[in-house]
Amino acid sequence: MKQGTRFIFLVEFDIDLDTVEKIEFVFKQEKRINSAAVKINTYPNDCERKENTVLIPWTQEETYKFEPNRMLYMDTRITLKNSSDQPQTEIIPIKMSPTLFQEVDGT
C-alpha cells in the first residue's frame, strides 16, 4: 500500500459470502484495542464483492491518514446470516509505503 494512491484493496475469504450479513473492516495505526480507528468500511454498504473477494476502496486522502514506513492493522468482524456465530479472523499487518509526490499534487 502506498500513500497518495487511489486503489482497491482486495480481501479474499474462505467462507461463502452468500452466508454473510455484513463484514466490518477496521484499519488502525496501532495494534491496540483502545487505539482510534482511522478507516472503517462495511460490506455490503461501502464495499463491492467479486466472487469470494471483497473490494475495499481507498482514496488518496485516506492513505495520508497513516504514517509512512510503518505498519497499519486491519481487523475484520464477520456477521453471518441466520447464526450468532462469528468466524474467527486474524489481525492483518499492512505496510504503508511513502510517496515522493506531495499531497497537493493530486496525482
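## Pocket lining and aromatic cluster in a predicted model

The largest pocket has a volume of about 280 Å³, a value computed, like the others in this report, from a predicted model. The residues that line this pocket are Glu24, Val26, Lys28, Glu30, Lys31, Arg32, Ile33, Tyr73, Asp75, Thr76, Arg77 and Ile91. Sorted by class, the lining comprises 7 charged residues, 4 nonpolar residues and 1 polar residue. Two strands, S2 (20–28) and S6 (70–80), each supply at least two residues of the lining, and S6 gives the most to the lining, with 4 residues.

### The aromatic cluster

The structure holds 5 aromatic pairs. In one of them, the rings of Phe27 and Trp58 have planes at 80° and centres 5.0 Å apart, so the pair is edge-to-face.

| Ring pair | Centre to centre | Angle between planes | Geometry |
|---|---|---|---|
| Phe27 and Trp58 | 5.0 Å | 80° | edge-to-face |

Ring pairs link Phe7, Phe9, Phe27, Trp58 and Phe66 into a cluster. As for the solvent exposure of its members, Phe27 has a relative accessible area of 0% and is therefore buried, while Trp58, at 1% relative accessibility, counts as buried too. Phe66 is likewise buried.

Thr42 lies in strand S3 (residues 37–43), and its relative accessibility of 16% is under the 20% cut-off, so Thr42 counts as buried. When neighbours within four places in sequence are left aside, the residues in contact with Thr42 are Lys22, Ile23, Glu24 and Cys47. Of these, Glu24 is also one of the residues that line the largest pocket.

Gln60 is found in helix H1 (residues 60–63), and this residue, at 17% relative accessibility, is under the 20% limit and therefore counts as buried as well. The side chain of Gln60 reaches the backbone oxygen of Gly4, at a distance of 3.2 Å.

Note on methods
Residues are numbered from 1 along each chain as its sequence is written. This is a predicted model: local features need pLDDT of at least 70, side-chain atom pairs count only at pLDDT 80 or more; totals for chains, interfaces and linings use all residues. Side-chain values use heavy atoms; hydrogens and water are left out. Buried means under 20% relative accessible area, exposed over 50%, partly exposed in between (1.4 Å probe, protein chains only). Contact means heavy atoms within 4.5 Å. On a 1 Å grid over the protein atoms alone, a cavity is a set of points where a 1.4 Å probe fits but cannot get out, and a pocket is an open set with protein on both sides within 12 Å along at least five of seven lines; lining residues have an atom within 4 Å of a point. Grid points are joined across faces, edges and corners, and a volume is the space filled by probe spheres set on the points. Ala, Val, Leu, Ile, Met, Phe, Trp, Tyr, Cys and Pro count as nonpolar, Asp, Glu, Lys and Arg as charged, and the others, Gly among them, as polar. A polar contact is a pair of N or O atoms within 3.5 Å; within protein, one must be able to donate a hydrogen and the other to accept it, and residues adjacent in sequence count only if both atoms are side-chain atoms. Rings of Phe, Tyr and Trp (its six-membered ring) pair if their centres lie within 6.5 Å; planes under 30 degrees apart count as stacked, over 60 as edge-to-face and the rest as tilted.
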